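I opened the coordinates today to look up a few things. My notes follow in the order in which I checked them.

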Amino acid sequence: MENTYPDGDNFICPDCSHEWPQVAASSDDAELVVRDVNGNVLNSGDSVVVIKDLKVKGSSIPLKQGTVIRHIRRVDGDAEHIEGNSDKIKGLVLKVCFLKKA
């Protein structure tokens with residue numbers, strides 16, 4: 001409703017007299033910050049480097065340490081995963097704990 005207003009820690013709707021906490025409404029709008037293993041902020045389009053050898057499900061080719069993943073994309077609503085492509089494997093979803101910013 002357009003008549004809602006904040007009051008203390010709650011939003012109040014005078015039309016239906018419903019109240020709900022502001023914390024729940026603001027947590028949906030808060031943007032997640034994706035950080036690599038060193039704490040650097042990762043944004044879509046950045047390049048990252050794999051810090052240890054990783055087995056890739058569905059592929060016989062492992063990702064070797066030092067492999068560069070270019071033009072990453074952030075996964076919506078998830079601060080622990082990114083999407084990207086390596087030179088040999090396309091459509092990777094990787095945990096950021098195994099990556100550092102290039």
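The model is a predicted one.

I then checked which residue faces Cys13, and it is His18 in S3 that stands opposite. Between S2 and S3 the hairpin has four residues, and Ser17 takes a positive phi near 60 degrees there.

Next I went to the other partner of S2. Strand S1 covers residues 5–7 and S2 covers residues 10–13; I found them paired in the antiparallel sense over three bridges. Tyr5 stands opposite Ile12 in S2. I noted two residues between S1 and S2 in their hairpin, and Gly8 in that turn has a positive phi of about 70 degrees.

I listed the elements of the protein chain and got one helix and eight strands. Along the sequence I read the pattern as β-β-β-α-β-β-β-β-β.

I looked up burial, and 22% of the 102 residues count as buried. The accessible surface is about 7100 Å², and 48% of this belongs to carbon and sulfur atoms.

Last, I checked the charges: the protein chain has 13 positive and 16 negative ones, and their mean positions lie 22 Å apart.

Key: Residues numbered from 1 in each chain as written. Predicted model: local features only at pLDDT ≥ 70, side-chain atom pairs only at ≥ 80, totals over all residues. Heavy atoms only, no water. Buried < 20%, exposed > 50% of the residue type's maximum accessible area, 1.4 Å probe, protein only. Areas by Shrake-Rupley, 256 points an atom, 1.4 Å probe, with all protein chains shown as cover. Lys, Arg positive; Asp, Glu negative; His and termini not counted. Charge placed at Lys NZ, Arg CZ, Asp CG, Glu CD. Pairing = 2+ DSSP bridges.
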